[in-house]
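Please look over the structure below together with the briefing that follows it. The notes are grouped by topic.

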Amino acid sequence: MASVVMDQLMADIKEAMKAKNNEALIALRTLHAAIKDQTVNAGVEVTDEIVATVVGKAIKQRTDAIEQFKTANRQDLVDVEQKQIDLFRKYQPQQLTREEIEVLVKQCIAESGVSTKKEMGKVMALLMPKVKGRSDGKLVNQVVQSLLT
């Protein structure tokens, strides 16, 4: 199964080359290389699911870098990372809202019969396959904790 998202990424790389947008070109090529590393180099076919996972990981890495750059008072680097995040979001599936995550968490809590934070792992095990690639793990964790006593 071919990846529509990967096709779009390749088209955007070509467009960035034509427009001589080096900043976007470097970011897109970096993302392309990460996807290739997880697929072609690993002997796995490129799918939208794998692309979404790699894009999510790339966004998380840049989010973590932003936190460190803010601590170091490097707004110039924060801006660069934020531009890359904004660029990469195009290749992610539609992200779930907090309300949508809450609905899924409540379903998983009911399904698992869990009521305390000690048993949070059972809820997360049911929940993560449903939200994978479509939400931030920190947000999911916060929602689960807020709904468990």
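The lining of the second largest pocket takes its biggest share from α3, which gives eight residues. This is a predicted model, in which local features need pLDDT of at least 70 and side-chain atom pairs count only at pLDDT 80 or more, while totals for chains, interfaces and linings use all residues. Residues are numbered from 1 along each chain as its sequence is written, and side-chain values use heavy atoms, with hydrogens and water left out.

**Pockets**

- The second largest pocket has a volume of about 250 Å³, and of the 15 residues that line this pocket, Ala34, Gln38, Thr53, Val54 and Lys57 are the closest to its centre.
- A pocket here is, on a 1 Å grid over the protein atoms alone, an open set of points where a 1.4 Å probe fits, with protein on both sides within 12 Å along at least five of seven lines, and lining residues have an atom within 4 Å of a point.
- A volume is the space filled by probe spheres set on the points, which are joined across faces, edges and corners.
- Both α2 and α3 supply at least two residues of the lining of the second largest pocket, where helices are DSSP runs (H or I, at least four residues) numbered from the N terminus.
- The largest pocket has a volume of about 490 Å³, and Gly56, Lys60, Ser135, Asp136 and Gly137 are the closest to its centre among the 20 residues that line it.

- Buried means under 20% relative accessible area, exposed over 50%, and partly exposed in between (1.4 Å probe, protein chains only).

**Salt bridges**

- Eight salt bridges are found in the whole structure, each being a side-chain nitrogen of Lys or Arg within 4 Å of a carboxyl oxygen of Asp or Glu.
- Glu23 and Lys83 form one of them (3.7 Å, N to O), and because Glu23 lies in helix α2 and Lys83 in helix α4, the pair ties together parts that are 60 residues apart in sequence.
- Asp76 pairs with Arg74 in another salt bridge, with the closest N and O atoms 2.8 Å apart; Asp76 is partly exposed at 42% relative accessibility, and Arg74 is partly exposed at 37%.
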